[in-house]
Amino acid sequence: MTPPDASHNRWSDLDRPPLNATALRRGLLRPDTPWASLEVVESTGSTNTDLAERARAGAAAEGTVLVAEEQTAGRGRLERSWTAPPRSGLFFSVYLEPGDIPVERWGWVPLLAGVAAATGLAKSAGVDMSLKWPNDLLVTVEGEERKTGGILGEFAGDGVVVGLGINVSLRADELPAPTAGSLALAGAVSTDRETLLRAVLRSMEHWYGAWKAADGDAAASGLQAAYAAGCATLDRTVRAELPGGASLVGEAVAIDGNGRLVLSTEDGLQQPVSAGDIVHLRGAAGGLT
């Protein structure tokens with residue numbers, strides 16, 4: 001008899017066991033949380049794409065969580081791809097409906113997810129985390145800042161779909177780029193994905209509740225201060241590569257009330273940046289512990 005192809009065996013890598021969806025539901029789906037349902041799929045192109053399609057069709061309730069063991073067409077900002085070996089990370093999306101909160105404040109939801117992920121992972125994995133504005137999660141590997149996660153938010157249906165991709169157990173020879181990292185390579189005390197996912201979702205539950213209670217006011221909810229405290233982009237000279245091909249160089253001095261990065265330029269002006277790629281040129285980094 002020909003043995004089964006190990007690549008199709010969900011237990012083929014014993015260092016990367018599958019998620020236990022039943023245990024995750026038991027621990028997370030309670031009446032006092034925003035989480036309404038949690039589904040784990042073996043493989044999909046993109047959890048964000050799938051969940052956004054459901055939301056647009058009216059088939060997703062607020063608090064829907066979709067997790068994939070593998071993403072074959074994961075997306076980052078500007079339609080960049082995000083790939084990783086099966087069960088080597090956390091690949092999931094959540095659907096939230098901020099309701100009566102003014103739509104102009106909804107842009108804080110992906111930043112909220114960044115704070116939640118950084119604080120949740122710092123506590124559960126024992127790794128110093130920081131945020132690169134607007135959507136990257138950073139760790140330190142061999143003395144260098146490395147991207148270990150990314151966040152993508154998009155409007156869908158009556159709310160927002162927020163997707164997170166986090167490298168958990170990737171080894172050095174599996175990294176997609178020299179600038180990438182993983183929790184394992186940063187010295188994590190735990191790479192148990194169920195523990196990490198519960199920690200991130202519980203942290204997100206806390207921050208989403210506080211933000212909604214403050215009617216989406218990032219300052220009143222403490223979200224603006226928390227993001228600034230953990231933002232590695234602040235107090236550095238950066239280059240903002242803006243939509244349309246323009247660029248702006250300056251010192252990142254603040255995160256404003258709308259979640260924009262404020263740059264102080266050489267001509268003494270303070271310029272808010274609402275979208276664009278940020279390149280860290282020099283300066284000190286912040287951290288969330």
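Reader: Is tryptophan 106 buried or exposed?

Author: A residue counts as buried when its relative accessible area is under 20%. This is a predicted model, and in it tryptophan 106 has a relative accessible area of 9%, so tryptophan 106 is buried.

Reader: And phenylalanine 155, buried or exposed?

Author: Exposed means over 50%. Phenylalanine 155 comes to 53% and is therefore exposed.

Reader: How are the rings of tryptophan 106 and phenylalanine 155 placed?

Author: Two rings pair if their centres lie within 6.5 Å, and planes under 30 degrees apart are stacked, over 60 edge-to-face, the rest tilted. The count here is two aromatic pairs. In one of them, tryptophan 106 and phenylalanine 155, the ring centres are 6.0 Å apart and the planes stand at 35°, so this pair is tilted. The pair links distant parts of the chain, 49 residues apart: tryptophan 106 lies in the loop between strand S5 and H3, and phenylalanine 155 in strand S8.

Reader: Which residues meet where H3 and H5 are in contact?

Author: From H3 they are Trp108, Leu111, Leu112 and Val115, and from H5 Leu223, Gln224, Ala226 and Tyr227. By class, this contact has seven nonpolar residues, one polar and no charged.

Methods
Residues are numbered from 1 along each chain as its sequence is written. This is a predicted model: local features need pLDDT of at least 70, side-chain atom pairs count only at pLDDT 80 or more; totals for chains, interfaces and linings use all residues. Side-chain values use heavy atoms; hydrogens and water are left out. Contact means heavy atoms within 4.5 Å. Helices (H or I, at least four residues) and strands (E, at least two) are DSSP runs, numbered from the N terminus. Ala, Val, Leu, Ile, Met, Phe, Trp, Tyr, Cys and Pro count as nonpolar, Asp, Glu, Lys and Arg as charged, and the others, Gly among them, as polar. Buried means under 20% relative accessible area, exposed over 50%, partly exposed in between (1.4 Å probe, protein chains only).
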